[in-house]
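Let's take a walk through this structure together, one site at a time. Please keep the sequence and the 3D view side by side as you read.

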Amino acid sequence: MLDRLNHVALAVPDLAAAAARYRETLGATVSAPQPLPEHGVTVVFVDLGNSKVELLEPLGEGSPIAAFLAKNPRGGMHHVCYEVSDIRAARDRLLASGARVLGDGEPKIGAHGRPVLFVHPGDMFGTLTELEEV
Ligand code: CO
């Protein structure tokens with residue numbers, strides 16, 4: 001059911017500074033900033049070949065990463081994202097096992113134009129976990 005690691009997401013207080021650190025200091029390929037108003041974040045992706053790092057900055061009022069950055073003002077690891085072939089089947093198995101899926105439980109379209117959902121960190125051993133259908 002669970003396939004490859006799609007990305008690790010890092011919440012950062014200054015997306016331009018973080019993108020510059022990865023691009024200019026570390027020589028990585030970094031995408032252009034992509035605002036995702038529906039998710040309350042602006043993202044860039046650092047291309048690592050076998051996986052990606054997603055850098056997240058809050059966008060707008062009530063961003064879901066605002067509280068995280070209030071607790072971690074210098075930024076930090078926010079979530080991991082795994083690929084699944086059937087996101088609704090994965091969700092149903094998680095719900096049947098007692099795990100909580102965030103929001104209304106319906107997948108939303110994520111940064112790659114594919115359905116995503118998030119599993120509560122309290123049910124994933126302390127790590128917010130995103131599933132993306134690929
Ligand atoms: Co993500």
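Donors here are N, O and S atoms within 2.8 Å of the metal (3.2 Å for Na, K and Ca), and water is not among the atoms, so sites may look incomplete. This is a predicted model, in which local features need pLDDT of at least 70 and side-chain atom pairs count only at pLDDT 80 or more, while totals for chains, interfaces and linings use all residues. Residues are numbered from 1 along each chain as its sequence is written, and side-chain values use heavy atoms, with hydrogens and water left out.

Which residues hold the cobalt ion? The ion is coordinated by His-7 and His-79 through NE2, and by Glu-54 and Glu-130 through OE, at 2.0 to 2.5 Å. The arrangement is irregular because the 4 donor atoms subtend angles of 85 to 173°. For comparison with the rules, four donors count as tetrahedral if all angles lie between 85 and 135 degrees; four count as square planar and six as octahedral if opposite donors are over 155 degrees apart and all others between 65 and 115; anything else is irregular. Glu-54 sits in strand 5 and His-79 in strand 6, so this pair ties together parts that are 25 residues apart in sequence. Helices (H or I, at least four residues) and strands (E, at least two) are DSSP runs, numbered from the N terminus. Both Glu-54 and His-79 are buried, where buried means under 20% relative accessible area, exposed over 50%, and partly exposed in between (1.4 Å probe, protein chains only).

Stay with strand 5 for a moment, as Lys-52 is also placed there. With 22% relative accessibility, Lys-52 counts as partly exposed. Its contacts (heavy atoms within 4.5 Å) include His-7 and His-112, leaving aside residues up to four places away in sequence. Lys-52 and Val-8 are 44 residues apart in sequence, yet their C-alpha atoms are 6.7 Å apart in space.

Next comes the nonpolar interior. A nonpolar core is a set of buried Ala, Val, Leu, Ile, Met, Phe, Trp, Tyr and Cys residues joined through side-chain atoms within 4.5 Å. The largest one has 11 residues in all: Leu-10, Val-12, Leu-15, Ala-18, Ala-19, Ala-28, Val-30, Val-44, Val-46, Val-53 and Leu-55. Two or more of these residues come from each of helix 1 (15–25), strand 4 (41–47) and strand 5 (52–58), and helix 1 gives the most, with 3 residues. Val-53 touches, among others, Val-8, Leu-10, Tyr-22 and Val-44, not counting residues up to four places away in sequence. Apart from this core lies another, of 10 residues, including Ala-9, Ala-11, Leu-56 and Ile-65.

How does helix 1 present itself to its surroundings? Its residues Leu-15, Ala-18 and Ala-19 are buried. Viewed down the helix axis, the buried residues of helix 1 fall within an arc of 100°, so they line one face; the arc is that of the directions from the helix axis to the C-beta atoms. An α-helix has 3.6 residues a turn, so residues three or four places apart point the same way. Strand 2 (29–30), strand 4 and strand 5 are among what covers the buried residues of helix 1. On the face turned away from the buried side you will find the exposed residues Ala-16, Arg-21, Glu-24 and Thr-25.

Now for the charged pairs. The structure holds 6 salt bridges, each a side-chain nitrogen of Lys or Arg within 4 Å of a carboxyl oxygen of Asp or Glu. In one of them, Glu-83 pairs with Arg-4, and the closest N and O atoms are 2.9 Å apart. This pair links distant parts of the chain, with Glu-83 in strand 6 (residues 76–84) and Arg-4 in strand 1 (residues 2–11), 79 residues apart. Glu-83 is buried at 7% relative accessible area, whereas Arg-4 is partly exposed at 39%. Elsewhere, Arg-88, Arg-91, Asp-92 and Glu-106 are linked in a network of salt bridges. Within it, Glu-106 meets Arg-91 at 2.9 Å, N to O.

Finally, look at Phe-125, which has a positive phi of about 60° although it is not a glycine.
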